[in-house]
2 protein chains.
Amino acid sequence: MALLRSELGHVLRTNRLRQQRTLREVSAAARVSLGYLSEVERGQKEASSELLASICDALQMPLWATLREVSDRLAAQEPGWVPDTAEALFDDQFAGVS
Amino acid sequence: MALLRSELGHVLRTNRLRQQRTLREVSAAARVSLGYLSEVERGQKEASSELLASICDALQMPLWATLREVSDRLAAQEPGWVPDTAEALFDDQFAGVS
């Protein structure tokens, strides 16, 4: 079963690493403890809504964009999921071409 | 500050009502207490990831679709947000026309 905290942790961690920032930097900016942020990123702790908002602020990611990424990750794990319409059309067009 | 639990609660409640189901029905299907579901819907309690998954299952909404709705609601609250490209083009075309 896909869990929100695991996917959310993955998205937060991926974005922090993309920004080349350390746990120490982001936890200080978000005013959460380093241990808390680390557990949230590893999907081991549920982030409270308030602290999630602080972490998103510290990462300069709006909450809506964070949740969109989480939603996209979860959707991609669904059987039969297709990434987007353009890609689907492309696949149709070249179906059978090898 | 927009909080995940408030927006999530709103989306869960809206979908339950759209299905014309009672708190009692959905809480029984999700195996959570009626009081818990009610508090989650009102944004007064953080749903654990496991119980959120159960509630989504009970509502027959994938978690990704639930989060997409939450993300869309949050995005719509951002200043300067435009619902879609077509509307933006329409607005540009008629800018200054009154």
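## Interface between chains A and B

In this predicted model, 21 residues of chain A are in contact with 21 residues of chain B. On the chain A side, the elements that contribute two or more residues are helix H1 (4-18), helix H4 (49-58) and helix H5 (63-76) of chain A. H5(A) supplies the largest share, 8 residues.

Sorted by class, the side of chain A that touches chain B holds 13 nonpolar, 3 polar and 5 charged residues.

## Relation of the two copies

Two copies of a chain are related by a rotation about an axis and a shift along it. Here chain A is superposed on chain B by a rotation of 180 degrees with 0.0 Å of shift along its axis, and the RMSD is 0.0 Å. This is therefore the relation of a two-fold axis. Both copies use the same surface, and 100% of the contact residues of chain A recur in chain B.

## Packing of H1 and H5 within chain B

Two packed helices are described by the angle between their axes and the distance between the axes. For helix H1 (residues 4-18) and helix H5 (residues 63-76) of chain B, the axes come within 9 Å and cross at roughly 120 degrees. H1(B) is therefore oblique to H5(B). The crossing of H1(B) past H5(B) is right-handed.

From H1(B), the residues Glu7(B), Leu8(B), His10(B) and Val11(B) take part in the contact, and they meet Thr66(B), Glu69(B), Val70(B), Arg73(B) and Leu74(B) of H5(B). By class, the residues of this contact between H1(B) and H5(B) are 4 nonpolar, 2 polar and 3 charged.

Key: Residues are numbered from 1 along each chain as its sequence is written. Chains are lettered from A and ligands numbered from 1 in the order in which they are written. This is a predicted model: local features need pLDDT of at least 70, side-chain atom pairs count only at pLDDT 80 or more; totals for chains, interfaces and linings use all residues. Axes are lines fitted to C-alpha atoms, for helices over the stretch in contact, and angles run from 0 to 180 degrees between N-to-C directions. Helices (H or I, at least four residues) and strands (E, at least two) are DSSP runs, numbered from the N terminus. Angles under 35 degrees count as roughly parallel, over 145 as roughly antiparallel, 65 to 115 as roughly perpendicular and the rest as oblique. A crossing is left-handed if the near helix is turned anticlockwise from the far one by less than a right angle, and right-handed if clockwise. Two residues are in contact if their C-beta atoms, placed from the backbone, lie within 7 Å. Ala, Val, Leu, Ile, Met, Phe, Trp, Tyr, Cys and Pro count as nonpolar, Asp, Glu, Lys and Arg as charged, and the others, Gly among them, as polar. Copies are superposed by least squares on the C-alpha atoms of residues with pLDDT of at least 70 in both.
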